[in-house]
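Please keep the sequence and the model in view while reading.

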Amino acid sequence: METTTVRTKVKDLLKKQPGQEVLAKGWVRTKRGNKEVAFIALNDGSTINNIQIVVDKTKVEDSLLSKITTGACIGVCGTLVESLGSGQAVEIQASEIVVYGECDPMRYPLQKKDTSFEYLRTVAHMRMRTNTFGAVLRIRNQMAYAIHEYFHSKGFVYLNTPLITESDCEGAGQMFQVTTLDLNNVPKNKKGAVDYSKDFFAKQTSLTVSGQLEGELGATALGEIYTFGPTFRAENSNTPRHLAEFWMIEPEMAFYDIKDNMDLAEDFIKHLVKYALNNCYDDIKFLNDRYDSELISRLEGVADTEFVRLPYTEGIKILEEAIKNGTQFEYPVSWGVDLQSEHERYLVEKHFNKPVILTDYPKDIKAFYMKQNEDGKTVRAMDVLFPKIGEIIGGSEREASLQKLEARVDELKMSRNNLEWYIDTRRFGSCPHSGFGLGFERLLLFVTGMTNIRDVIPFPRTPKNAEY
């Protein structure tokens, strides 16, 4: 295509005034028409909206038109004119078309008819070309930018914590091991155990489940930091809310108590929801109209409401009262249980009808590093619960006392071999500090209205599935 015209993205073409010579490039969504005219819907991924290409068939060879099928990649030169049809203000009157890549309509996996999300997961290498996944991934991009923008504006330092580690932050042991040992000939020591001294790092290492512990080191040196990176959990779970590889945002702040932590979490997530409404509205409206008619109102509701702050003990009383009044839960409710998603959603969607920050959990169901309350039974934990999602943020004030932290580690019979560096932060200049983690994909589930976490990440990693 010989032209001095510079390519313009579709999202910008749709805002231009008629009368200009333009060049558009993209992929064909549909082609229709009659004997005289063909109408091509062209999309380049920059927006949910297509631009219509009008082709005078008397000026284009049939052999060229036959190559323009759904999925084909083309370039179009022409004049931007006022559209006579509904749905768009302008369209392109084509003067020249080039086919960059043909697409066999019989083999193309994205047919015009509706296809299920289950099917699209089997062709994840192509599903990004659909309207739905284009919208989701553009929103994902905007949310990632908004996260960095938010923390940068508040003076936080972006800290890169290790992906390969020997520490199990969560203590659940569900970690993916990293090794260069020959698995067909694993070296053993005198006791018959794996001899990790022969491994690359000379010790047992795994993919990280969280950057929190290293993040605390950053907070006690730099004041306020955040991490934003991939995390990995070898949890054999196939629920719509779990992935083996996902992204986490984890701020850690020196001199923040639990109230400061809750204030930051609420402000942060409200900022992200407002940012999505202001910067991703076309994509959100598409998802609202196509899949979830309450999506926009739910987002606006979260952005404009004050979150409820509720002690765990009070939450249990509310749930027990609900059971007395006829509400049925799949999982039992009693003081000391770890609440399930159905319990969290009842509090948010049925009882309060707004987001809830649940605080002061029993220490026996929370991690060793959380600050203990004076009652000796609970810790200064906080979980932010959202409609349709349940827990979206988990955090706490961290235990600043060396004696209490060591006692808790011993009480849980945790190995201290790879924790001494962490405990050093309590030995040398300990300070009050807090932090939380936001699962990026959980956030995206809420912002997009999608119902399965596999559909808000480009290439999902789940048990027995690591395609691409």
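Is Y422 buried or exposed? At 0% relative accessibility, Y422 counts as buried, because the limit for a buried residue is under 20% relative accessible area. The model discussed here is predicted.

## Overall features

The secondary structure of the chain comes to 13 helices and 16 strands. Along its principal axes, the C-alpha trace spans about 85 × 60 × 45 Å. Of the 468 residues, 48% count as buried.

The accessible surface of the chain is about 23,100 Å², and carbon and sulfur atoms contribute 49% of this area. Among contacts in the chain with a separation of 6 or more, 66% are between residues 24 or more positions apart.

## The eight-stranded sheet

Eight strands make up an open sheet with mixed pairing, and their order is β6-β10-β11-β16-β15-β14-β13-β12. Its edges are β6 (157-158) and β12 (308-311), each of which pairs on one side only.

Strand β13, residues 356-362, can be followed through its two partners. With β12 it pairs in the parallel sense over four bridges. Across this pairing, V308 stands opposite V356 in β13, and R309 stands opposite I357 in β13. With strand β14 (residues 378-386), β13 pairs in the antiparallel sense over six bridges. Here V356 stands opposite L385 in β14, while T359 stands opposite M382 in β14.

## Cover on the strands

In a regular strand, side chains alternate between the two faces of the sheet. Strand β13 is mostly covered, as six of its seven residues are buried.

Helix α4 (residues 131-153) lies across β6, β10 (224-232) and β11 (245-254), and runs at about 150° to β10. Helix α6 (residues 258-279) lies across β11, β12, β13, β14, β15 (390-397) and β16 (433-439), with a direction at about 30° to β16.

## The three-stranded sheet

A further open sheet consists of three strands in the order β7-β9-β8, with antiparallel pairing. The edge strands are β7 (164-165) and β8 (177-178), and each pairs on one side only.

Strand β7 and strand β9 (residues 205-207) run antiparallel and are joined by two bridges. Within this sheet, T165 stands opposite S206 in β9.

## Aromatic pairs

A pair of aromatic rings is described by the distance of the centres and the angle of the planes. The structure holds 22 aromatic pairs. In one of them, the rings of Y158 and Y226 have centres 5.1 Å apart and planes at 25°, so the pair is stacked. Because Y158 lies in strand β6 and Y226 in strand β10, the pair ties together parts that are 68 residues apart in sequence. The two residues can also be described by their accessibility: Y158 counts as partly exposed at 37% relative accessibility, whereas Y226 counts as buried at 3%.

The rings of W421 and Y422 have centres 6.1 Å apart and planes at 75°, so this pair is edge-to-face. W421 is partly exposed, with a relative accessible area of 28%, while Y422 is buried at 0% relative accessibility.

## Aromatic cluster and charges over rings

Which residues form one aromatic cluster? The members are Y150, F151, F156, Y158, Y226, F268 and F436. The cluster thus includes the stacked rings of Y158 and Y226.

Two lysines are placed over aromatic rings. The charged end of K270 sits over the ring of F307, 5.2 Å from its centre. K366 lies over the face of Y361, at 4.2 Å from the ring centre.

Definitions and conventions:
Residues are numbered from 1 along each chain as its sequence is written. This is a predicted model: local features need pLDDT of at least 70, side-chain atom pairs count only at pLDDT 80 or more; totals for chains, interfaces and linings use all residues. Side-chain values use heavy atoms; hydrogens and water are left out. Two strands pair if DSSP finds at least two bridges between them. Contact means heavy atoms within 4.5 Å. Axes are lines fitted to C-alpha atoms, for helices over the stretch in contact, and angles run from 0 to 180 degrees between N-to-C directions. Buried means under 20% relative accessible area, exposed over 50%, partly exposed in between (1.4 Å probe, protein chains only). Rings of Phe, Tyr and Trp (its six-membered ring) pair if their centres lie within 6.5 Å; planes under 30 degrees apart count as stacked, over 60 as edge-to-face and the rest as tilted. A charge sits over a ring if NZ of Lys or CZ of Arg is within 6 Å of the ring centre and within 35 degrees of the ring normal. Accessible areas come from the Shrake-Rupley method with a 1.4 Å probe; for residues, only the protein chains shown count as cover.
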